[in-house]
Amino acid sequence: MTTQPALTLVRGDLTEQHADVLVNAANSSLLGGGGVDGAIHRKGGPAILDACRDLRASRYGKGLPTGQAVATTAGRLHAGHVVHTVGPVWSREEDRSALLVSCYRESLVVAAGLGARSVAFPAISTGIYGWPMDDGARLALRTVREETRSPVTDVRFVLFDADAYAAFERALAELDRSAG
Ligand code: ADP
């Protein structure tokens, strides 16, 4: 028998969520940035950046490659861990969807390795990295739905504004229809 994690859409700020894992739309430097990344470091405090610096000094000397994921402490956030993943920058010339799919998949693998049951995601790559929201929503939801063997039981997408929330609602309705 296979089970799928329950999917929930929430409108709000990722950094205010309570979950075992909060996923950060990081950049490969792991040393902070704008958008979700900036908010996570501001609210989570310096322990997260310290852990990221340690990762740069050890396993990820050249930075975290696009599509991969790694965990740190969540500092003062209401979570057990932050899982940092690096989304692809949107390109008109090249299809980088596999890398965006990999972000969601690898984040869930890392979360499962930590024993997490609940994971909250932002809409990776759809901000500074320019990925079209409708397509980003479709890829995100489809990838999580395909994770039928993950021990993670609760996957939440935390959408910052009304347009992002509406795009995820449409994509979820489409996915439910196609699943029959
Ligand atoms: P990326 O560089 O991967 O595009 P961003 O952080 O710029 O990452 O944006 C990813 C998505 O997260 C965008 O849709 C953006 O509007 C949204 N976002 C920005 N800040 C927050 C936040 N605090 N909580 C949830 N979503 C956020």
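Strand β2 (19-26) is mostly covered: six of its eight residues are buried. Buried here means under 20% relative accessible area, exposed over 50%, and partly exposed in between, with a 1.4 Å probe and protein chains only. Strands (E, at least two residues) and helices (H or I, at least four) are DSSP runs, numbered from the N terminus. This is a predicted model, in which local features need pLDDT of at least 70 and side-chain atom pairs count only at pLDDT 80 or more, while totals for chains, interfaces and linings use all residues. Residues are numbered from 1 along each chain as its sequence is written, and side-chain values use heavy atoms, with hydrogens and water left out.

Which strands flank β2? Seven bridges join β2 to β4 (residues 79-86), and these two run parallel. N24 stands opposite H84 in β4. β2 also pairs with β5, again in the parallel sense, over two bridges. There, L22 has A120 of β5 as its bridge partner. Two strands count as paired if DSSP finds at least two bridges between them.

Now step back to the whole sheet. It is open, has six strands and runs in the order β1-β6-β5-β2-β4-β3, with mixed pairing. β1 and β3 (69-73) stand at the edges with a single partner strand each, so one side of each has no neighbour in the sheet. Neighbouring strands are turned by 25° against each other on average, direction ignored. Axes are lines fitted to C-alpha atoms, for helices over the stretch in contact, and angles run from 0 to 180 degrees between N-to-C directions.

T8 has R156 as its bridge partner in β6. Helix α5 lies across these two strands, running at about 155° to β1.

Follow α5 next. The helix spans residues 162-178, 17 residues in total, and reaches 24 Å from its first C-alpha to its last. That is close to the expected 24 Å, which is 1.5 Å times one less than the number of residues. Which residues of α5 are buried? They are A164, A167, F168, A171, L172 and L175. These residues lie on the same side of α5 because they cover an arc of only 135° around the axis. The arc is that of the directions from the helix axis to the C-beta atoms. The face turned away from this buried side carries the exposed residues D163 and R177. The cover over the buried residues includes β1 (6-11), α4 (133-146) and β6 (154-159).

Leaving out residues up to four places away in sequence, F168 touches L9, A123, M133, A137, A140, L141, F157 and L159. Contact means heavy atoms within 4.5 Å. F168 is also among the residues with the most contacts inside the largest nonpolar core, together with V119, F121, L141, V155 and F157. This core has 33 residues. β1, β2, α3 (97-113), β5 (118-121), α4, β6 and α5 each give it two or more residues. A second, separate core has 19 residues, including L22, C52, L55 and V158. A nonpolar core is a set of buried Ala, Val, Leu, Ile, Met, Phe, Trp, Tyr and Cys residues joined through side-chain atoms within 4.5 Å.

End at A112, in helix α3. A112 counts as partly exposed because its relative accessibility is 23%. Leaving aside neighbours within four places in sequence, A112 is in contact with P151 and V152.
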